[in-house]
Amino acid sequence: MQSVSLSKIIEKMQLDNLTPEIDVEGIEVTSTDINRPALQLTGFFEHFPTDRVQVIGHVEHTYLSTLDDGRRKYIYDQLLSTKFPCVIFCRGLMPDADLIEAGKRYGVPILVTKMITSAFMAEIIRWLNVELAPVISIHGVLVDVYGEGVLIMGESGIGKSEAALELIKRGHRLVTDDVVEIHKVSDETLIGTSPDITRHFIELRGIGIIDVKTLFGVESVKETQAIDMVIKLEDWNKDKEYDRLGLEEQYTEFLGNKVVCHSIPIRPGRNLAIIVESAAVNHRQKKMGYNAAQELYRRVQENIGKAMAEK
């Protein structure tokens, strides 16, 4: 099961920790869902999701202020004794001293953000969906080409990194070279990222390692990118039939998600960067409702129909 350290959440979401005595490094979050403990503040704890981050907004904070001291302390004990990962107060609202003391006693961190509740919940859920998504690592290069995430695959030495470098020089952005970490954030979306150790680096045989960010500037790199299509580079085989029309899409699969895939034969003189650019633009055009292959097919059918009518 995927997990993310609470310390990483605090850093990413820029949260203020009101209980620094508690070791947040040792607390792991495993659920992408967030809970607002409305019913629990009234004393109802059945089906309480204790694996989730708990968020307190304006409504919950106001309700707590209406309780007498004895009832409020009782609820705090009942709530925090369930040992969930943490409590986060939104809108900069401050918890009372009794809650902070209960948090220390039960080892539950009390955190604060200045963001409004709905915006904070949307952001942390989106981020956790990426961090806790099923993930695999594959050999390839991921590039953002005209906003389309193009995953270039192929055997070692076939020219993936060289194609990526040419694309970068043409104004596109590198996400990762050599190793691509693919996260399944939904049944339709795959997000590609780079391992920390190789981020922004490209390996070119005969030259070595180059730092793309340093060499071409921060606009030439990107941290994450949705994978929209796959291009597989392979040596030209004169005995193999290659798709010349593209009437039917071919797909490859990662983590159960299908992604459009094109096999591109490689031979001397072919400009891979232009081919990848054209494939990315053509893919975007298809998503917008225009398919050049189908348009050609329609015109041919019309001409055949006209010829038959003239006879």
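The model is predicted, so to speak of local features pLDDT must be at least 70, with 80 or more for side-chain atom pairs, while totals for chains, interfaces and linings use all residues. Residues are numbered from 1 along each chain as its sequence is written, and side-chain values use heavy atoms, leaving out hydrogens and water.

**Exercise 1.** Work out which aromatic cluster Phe 48 belongs to.

*Solution.* Start with the cut-offs: rings of Phe, Tyr and Trp (its six-membered ring) pair if their centres lie within 6.5 Å, and planes over 60 degrees apart count as edge-to-face. The structure holds two such pairs. In one, the ring centres of Phe 45 and Phe 48 are 5.9 Å apart and the planes meet at 75°, so this pair is edge-to-face. Next, Phe 48 and Phe 84 are also edge-to-face, at 6.0 Å centre to centre and 80° between planes. This pair links distant parts of the chain, 36 residues apart. Both Phe 48 and Phe 84 are buried. Together, Phe 45, Phe 48 and Phe 84 make one cluster.

**Exercise 2.** Find the ring that the charged end of Lys 258 sits over.

*Solution.* Apply the test: NZ of Lys or CZ of Arg must be within 6 Å of the ring centre and within 35 degrees of the ring normal. The ring is that of Tyr 251, with the charged end of Lys 258 at 4.8 Å from its centre.

Note on methods
Phe/Tyr/Trp six-rings, centres within 6.5 Å; stacked < 30°, edge-to-face > 60°. Helix = DSSP H or I, 4+ residues; strand = E, 2+ residues; numbered from the N terminus. Buried < 20%, exposed > 50% of the residue type's maximum accessible area, 1.4 Å probe, protein only.
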